[in-house]
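Dear colleague,

Please find below the structure I am handing over to you, together with its sequence.

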Amino acid sequence: MGDKHVVRFEPVGIEIEVDEDQTILRAAAEQGVQLMHGCKEGQCAACKSFVLEGEDIELEKYSTFALPDYEKEEGSTLLCRAHAYEDLVIELLNYDEEIIRSGLPLRKGVAEVVSNEAVTHDLRHLVLRLIEPEEIKFFPGQYLDITVPGTEESRSFSMANVPGREGLFEFVIKIYPDGLFSGYLADRLQIGDRLNVEGPFGTFTFRESRTSDLVFVGGGAGMAPILGLLRSMADRGVERTATFYYGARTRRDLCFEKELRALEEQLPGFRYIPALSEPGDENDWTGEIGLITEVVKRGESDLKGMDAYVCGPPPMVDAAIPMLTALGVREDNIFYDKFTTTGEPEGEDGP
């Protein structure tokens, strides 16, 4: 362990101690301070902040798309990559005080594989049961890190279920031929195998103080956290009107259709709208066609006052945010996860 330094976050006035061997984001998470973040790999910019006081900071490898050189020179930093070597005061540029103060401390555990089933040609529904400790608390929409067996590498995957069900964690994971974990998942992971996990991470969670209507926009494995949020609404009897736009290439890329249609009956005012961008020769498809952002624009004329949750590959998220603001959603009320991958702009990881 290295020396410890005090980092103060403004404008919320929260202080934490950070060991030099830790990133600032990691230290905050361990102390139950839930800062805004996404990939934890220096790629998505969700944790970008501004250094008000102090200069002795070193950054692990990161993408200059997330933090261009000129922004770094002006004082910006990425909390998921930053190590403090003196006391600092940091201005949070992207924060939600309700989320910051409701953070759950990180816990490590061991989980056993309950099932590993294909739900489309390239999506797996993985279910784990926690063996130890007795509980890892999480909020719907958050994610866990899973250590890839035989390595020291971990990958992040959002949970599709709600907490408290026999210690289960459900994931929807896209299989990439060269994916370090997804390749293992596709070819080697068996029922009964054990995996090391850690969490919870992520801020793709309900803002419980809000009662606005909701619009969800998802694609690919972005199904997982949105399904978790919808299941939570159903379990708790939440009556916020909601629409879920889900984009897929072809019909074989759709999953959880039966459950989502059942949720339409269970949740007052809920609509599920899938769209195919490449329907091909599927003459019996009567649903929406086109990129999901185009479908939302056709289906909605005014989203003022609503909350939006967007989850999927970075190009989809990047296209959805300006589309939603153009339709009237305040940028502060757009919550998103970009499903990036380690070392690549897009791929197997969750947020």
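**Cavities**

The lining of the largest cavity is made up of nine nonpolar residues, two polar residues and one charged residue. Before I go further, please note that this is a predicted model. The volume of the largest cavity comes to about 50 Å³, and its lining consists of L35, M36, A46, C47, K48, S49, L79, L92, L93, N94, Y95 and I100.

In total, the structure contains two cavities of 30 Å³ or more. The second largest cavity has a volume of about 30 Å³. Its lining residues are H37, G38, C39, K40, G42, C44, A45, A46, C47 and C80; by class, they divide into six nonpolar, three polar and one charged.

Most residues other than glycine have a negative phi. A45 is located in the loop between α1 (24–30) and β3 (48–53).

**Overall architecture**

The secondary structure of the protein chain amounts to eight helices and 19 strands. The radius of gyration of the protein chain is 20 Å, close to the 20 Å given by the globule rule for 351 residues, so the chain is as compact as a globular protein of that length. The C-alpha trace spans about 65 × 50 × 35 Å along its principal axes.

**The antiparallel sheet**

An open sheet with antiparallel pairing is formed by six strands, in the order β11-β10-β13-β8-β9-β12. At its edges stand β11 (154–158) and β12 (168–174); each has a single partner strand, so one side of each is left without a neighbour in the sheet. On average, and with direction ignored, neighbouring strands of this sheet are turned by 40° against each other.

Within this sheet, strand β10 (residues 143–147) pairs with strand β13 (residues 194–201) in the antiparallel sense, over three bridges. I146 has V197 in β13 as its bridge partner. Helix α4 (residues 180–187) packs on the sheet and touches β8 (107–118), β9 (123–132), β10, β11, β12 and β13. The direction of α4 makes about 90° with that of β9.

**The parallel sheet**

A further open sheet has six strands with parallel pairing, in the order β17-β16-β15-β14-β18-β19. Which strands stand at its edges? They are β17 (288–289) and β19 (334–338), each with a single partner strand, so one side of each is left without a neighbour in the sheet.

Strand β15 (residues 242–248) and strand β16 (residues 270–276) are paired in the parallel sense over seven bridges. Y246 has P274 in β16 as its bridge partner.

Two helices lie across strands of this sheet. Helix α5 (residues 223–236) lies across β14 (214–219), β15, β16 and β18 (307–312), and runs at about 150° to β14. Helix α7 (residues 292–299) lies across β14, β15, β16 and β17, and runs at about 145° to β15.

**Cis peptide bonds**

Two peptide bonds should be kept in view when you inspect the backbone. Most peptide bonds are trans. The bond that joins E10 and P11, however, is cis, with omega about 5°. P11 lies in the loop between β1 (4–10) and β2 (14–19). The peptide bond from E132 to P133 is likewise cis, with omega near -5°, and P133 has its place in the loop between β9 and β10.

With kind regards

Definitions and conventions. Residues are numbered from 1 along each chain as its sequence is written. This is a predicted model: local features need pLDDT of at least 70, side-chain atom pairs count only at pLDDT 80 or more; totals for chains, interfaces and linings use all residues. Side-chain values use heavy atoms; hydrogens and water are left out. Two strands pair if DSSP finds at least two bridges between them. Helices (H or I, at least four residues) and strands (E, at least two) are DSSP runs, numbered from the N terminus. Contact means heavy atoms within 4.5 Å. Axes are lines fitted to C-alpha atoms, for helices over the stretch in contact, and angles run from 0 to 180 degrees between N-to-C directions. On a 1 Å grid over the protein atoms alone, a cavity is a set of points where a 1.4 Å probe fits but cannot get out, and a pocket is an open set with protein on both sides within 12 Å along at least five of seven lines; lining residues have an atom within 4 Å of a point. Grid points are joined across faces, edges and corners, and a volume is the space filled by probe spheres set on the points. Ala, Val, Leu, Ile, Met, Phe, Trp, Tyr, Cys and Pro count as nonpolar, Asp, Glu, Lys and Arg as charged, and the others, Gly among them, as polar. The radius of gyration is taken over C-alpha atoms; the globule rule is 2.2 Å times the number of residues to the power 0.38.
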